[in-house]
Structures are given as C-alpha cells and as structure tokens.
Amino acid sequence: MNQGRIQLQIDTSKAVRNRAKAVAYGQGISLTELVLKALADVGDKELRVLIEKDLEKRGGRGASKKIIVFGLLKHDGKVYTQIVPNVSRKTLKQIVQMKVEPDSTIYSDGWRSYDSLVDWGYKHHYRVSHGNNEFVSKDNPKNHINGIENFWGITKVRLAKLRGLRKDHFNLHLKECEFRYNMRHEEIKTH
C-alpha cells in the first residue's frame, strides 16, 4: 500500500466499477453522485470537495445537461419515444397510461419510477434487475427488455454519426429513428 491507497487488480476494479454503476442506475443517480454520497457517508470531506471542484470545471454531473428520453416497445414491435422533463413517477405515469392498456403485460428494468405500475392498475409487471447483472429473468427467459435496448443501441449509433446535434433538432432525429425502426419490415415504395 502506498499512502493509504489500495492496489486493486484490473478485473476487480472493473467489477467494482460495474457494480457501482448498477447501484447508481438503480437509485436514479450518476456514478459520480453515488461516489459523492459515499464520501459524505464516510466523512472524507477533502476528497469530496476536490471531486466537486473537478465536476464544476467539467460542467456538471451525469445526464444533467442531456436530453432525457423515455421509450416503450409495444407487443407489435413498434417503438414509441418521447422527450421528458424528468423520469419521475408522475411524468412516466402520464405516458404509460396514455400509451399502454391496463391489462397489458409490462416488462421493465428496475428503475424506481416503475415501482407504482401495479398501483396504477397494471397487474402484469415483470422486472429485469440490471443492478444484479440480470438482463434476462432467471425465472422466466421471456422476461427481458432486449427489444427496447436494441432500439436504443441502434439509435445511439445512428445519432453518434451526426457528431453532435442541436437541442432544438434532437426530437426530429429521435422521431426519424423511431420511424425507421417501426418501418424496418415494410416495403417503402418510391413512386
């Protein structure tokens, strides 16, 4: 050990980072916010101040300057996306109730805003716990969210090719990705 620092093997370090990311995701905060929270808990004020100063220089934390997008993949394979101001229960409830029939089966990740789906009348709600490194339910392999994750992956690749977007144009590009995904099996006539 050197000056109180612990030397970790690379594999262990990656595993710890991945676990921390999963915990942060489950709590709805950035990895940096989770670290700051932990530092506050152990009382390392000096390190916390250094990290906060570094964040100020870099311009913020996590997704604070990003556009937040919510998406649904329906049983017919069609995607619906919407820019949202936040991912609170109230915000997501409005979209879910507008787009999803009450007797529908819903598959979601462990995001805490989905905790109330049963209270909202959706009796068939199954979760995949990314926080436990689960991407397909161990109990039932049909319980997964791979379809919507596939859409997000395709969308990110497509938007990355643009090398940045103006915020006022983002929705147009998002809806183009939605349209392309939804029409991917259709024959589009040009005349």
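Helices here are DSSP runs of H or I that span at least four residues, and they are numbered from the N terminus. The structure described is a predicted model. Its chain averages a pLDDT of 77. Of the residues, 73% score at least 70. Strand β2 has the highest mean pLDDT, 93. Helix α3, residues 45–58, has the lowest, 64. Where pLDDT is low, the predicted coordinates should not be read in detail.

The nonpolar cores come next. In soluble globular proteins, nonpolar side chains tend to be buried together. The largest nonpolar core in this model has 14 residues. Within this core, Phe-70, Val-96, Leu-117 and Tyr-122 touch the most other members. The largest share comes from α4, with 3 residues. Leu-117 shows how such a residue is surrounded. Beyond its neighbours within four places in sequence, Leu-117 is in contact with Val-96, Ile-106, Tyr-122 and His-125.

Aromatic rings form another set of contacts. A search of the whole structure finds 2 aromatic pairs. In one of these, Phe-151 meets Tyr-181. Their ring centres are 5.2 Å apart and their planes stand at 75 degrees, so the pair is edge-to-face. The cut-off for that label is a plane angle over 60 degrees. Phe-151 belongs to helix α5 (residues 146–160) and Tyr-181 to helix α6 (residues 167–182), so the pair ties together parts 30 residues apart in sequence. Both residues are buried. Phe-151 has a relative accessible area of 0%. Tyr-181 has a relative accessibility of 7% and also counts as buried, because the limit is under 20%. Ring pairs join Phe-151, Trp-152 and Tyr-181 into a cluster.

Charged groups also sit over rings. Arg-184 lies over the face of Tyr-181, at 3.8 Å from the ring centre. Tyr-181 thus takes part in a ring pair with Phe-151 and lies under the charge of Arg-184. Elsewhere, the charged end of Lys-99 sits over the ring of Tyr-80, 4.3 Å from its centre.

Salt bridges number 4 in the model. One of them joins Asp-168 to Arg-166, with the closest N and O atoms 2.6 Å apart. Asp-168 and Arg-166 are both exposed. Glu-178 pairs with Lys-175, the closest N and O atoms being 2.9 Å apart. These two residues are 3 residues apart in helix α6, so about one helical turn separates them. Glu-178 is buried, at a relative accessible area of 11%. Lys-175 is partly exposed, at 29%. The cut-offs explain the two labels: buried means under 20%, exposed means over 50%, and partly exposed lies in between.

Glu-176 and Arg-180 form a further salt bridge, at 3.0 Å from N to O. Both lie in helix α6, 4 residues apart, or about one turn of the helix. Glu-176 is partly exposed, with 30% relative accessibility. Arg-180 is partly exposed as well, with 45%. Salt bridges with shared partners join Arg-158, Glu-176 and Arg-180 into one network.

Asn-182 lies in helix α6 and is buried, with a relative accessible area of 13%. Leaving out residues up to four places away in sequence, Asn-182 touches Gly-77, Lys-78 and Val-79. Met-183 lies in the segment after α6. Met-183 is partly exposed, at a relative accessible area of 27%. Between Met-183 and Gly-77 there are 106 residues of separation in sequence, yet the two C-alpha atoms are 10.0 Å apart in space.

Notes:
Residues numbered from 1 in each chain as written. Predicted model: local features only at pLDDT ≥ 70, side-chain atom pairs only at ≥ 80, totals over all residues. Heavy atoms only, no water. Core = buried A, V, L, I, M, F, W, Y, C linked by side-chain atoms within 4.5 Å. Buried < 20%, exposed > 50% of the residue type's maximum accessible area, 1.4 Å probe, protein only. Contact = heavy atoms within 4.5 Å. Phe/Tyr/Trp six-rings, centres within 6.5 Å; stacked < 30°, edge-to-face > 60°. Lys NZ or Arg CZ within 6 Å of the ring centre and 35° of its normal. pLDDT = per-residue confidence, 0-100. Salt bridge = Lys/Arg side-chain N within 4 Å of Asp/Glu carboxyl O.
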